[in-house]
Amino acid sequence: MRARVAVSIAVALLVSGCTNAVPGTAQPDPRRVTVAPRASTDPCSLLTSDEAVQLGLAAPGMPQPEDKTALVPPSCEWNSTDPESEQDNSLQVYYATDLNVREYFSDAPTAQEQLGGVTWDNYPSVLGASLCNLAVTLSDRSFIALTSPNFGDPTHSCDTARKAAPLVAKRIPG
């Protein structure tokens, strides 16, 4: 009889432990950016995870710290979801807040493109036509740059950057 009462108490305690409510509110996976915050200078916030997937990029983006000694602003990298592409059709977004665009790009832009209602300067790359650089200057010490490579077919190096530019343009402060 005592054993049956002890088992009943143990079962009651075990079951009651499973019915307790956990305080707080359910939160989405913090690595999945679904809504870009306003006025953020985080380069990863300039493209949501859903937008990245629509562009054929793996989400979430991978933040890269700035390198002040090399004059490289913080960036965010998204790799292509195509396992055969290696680095082709990937995207890197830079957001500089204390660097002049001409300090970052050594040459003057070779062209301009209207994408997403914004004028993007097309800067040449030291790697030639295999790497596309689109940038928009925000101020004397601030710019956003999109870089996409295609080493297999350099005529397509700007494809990913051009597709991402209108999405990023929606989040440009100003």
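Colleague: Which elements are included in what covers the buried residues of α4?
Modeller: This is a predicted model. The buried residues of α4 are T160, A161, A164, A165, L167, V168 and A169. The cover over these residues includes α2, β3, β4 (111-115), β5 (118-123), β6 and β7.

Colleague: What is the pairing when the bonded cysteines are numbered in sequence order?
Modeller: Numbered in sequence order, the bonded cysteines of the protein pair as 1-2, 3-4.

Colleague: How many residues apart in sequence are the parts that C44 and C76 tie together?
Modeller: C44 lies in the loop between α1 (2-18) and α2 (49-54), whereas C76 is in strand β2, so the pair ties together parts whose separation in sequence is 32 residues.

Colleague: Why is the disulfide of C44 and C76 right-handed?
Modeller: Both cysteines, C44 and C76, are buried. The handedness follows from the torsion about their S-S bond, so the disulfide is right-handed because that torsion is about 95°.

Colleague: Where do C132 and C158 lie, and how many residues apart are they?
Modeller: The link of C132 and C158 is right-handed, with 90° about the S-S bond. C132 is buried, and C158 is buried as well. The pair links distant parts of the chain: C132 belongs to strand β6 and C158 to the loop between β7 and α4, a separation of 26 residues.

Colleague: Is Q92 buried or exposed?
Modeller: Q92 has its place in strand β3. The cut-off for buried is under 20% relative accessible area. Q92 has a relative accessibility of 16%, so Q92 counts as buried.

Colleague: With which side chain does the side chain of Q92 make a polar contact?
Modeller: Leaving aside neighbours within four places in sequence, Q92 is in contact with Q64, S75, C76, E77, A145, L146 and T147. The polar contact of the Q92 side chain, at 3.1 Å, is with the side chain of Y94.

Colleague: Which element gives the largest share of the lining of the largest pocket?
Modeller: The largest pocket has a volume of about 400 Å³. The elements giving two or more residues to its lining are β2 (75-78), β3 (91-96), β6 (131-139) and β7. The largest share is three residues, and it comes from β3.

Colleague: How many nonpolar residues does the lining of the largest pocket have?
Modeller: The lining of the largest pocket is made up of 21 residues, and Y94, Y104, L131, N133 and T147 lie nearest the centre. By class, eight of the lining residues are polar, two are charged and the nonpolar ones number eleven.

Colleague: What is the relative accessible area of F151?
Modeller: F151 is found in the loop between β7 (142-149) and α4 (159-169). F151 is partly exposed because its relative accessible area is 46%.

Colleague: How far apart in space are F151 and Q87, C-alpha to C-alpha?
Modeller: Leaving aside neighbours within four places in sequence, F151 is in contact with D88, L127 and S130. F151 and Q87 are 64 residues apart in sequence, and their C-alpha to C-alpha separation in space is 8.0 Å.

Note on methods: Residues numbered from 1 in each chain as written. Predicted model: local features only at pLDDT ≥ 70, side-chain atom pairs only at ≥ 80, totals over all residues. Heavy atoms only, no water. Helix = DSSP H or I, 4+ residues; strand = E, 2+ residues; numbered from the N terminus. Buried < 20%, exposed > 50% of the residue type's maximum accessible area, 1.4 Å probe, protein only. Contact = heavy atoms within 4.5 Å. 1 Å grid on protein atoms, 1.4 Å probe; cavity = no way out; pocket = protein on both sides within 12 Å on 5 of 7 lines; lining within 4 Å. Points joined across faces, edges and corners; volume = space filled by probe spheres on them. Nonpolar A, V, L, I, M, F, W, Y, C, P; charged D, E, K, R; others polar. Disulfide = S-S within 2.5 Å. Polar contact = N/O pair within 3.5 Å; in protein donor to acceptor, adjacent residues only side chain to side chain.
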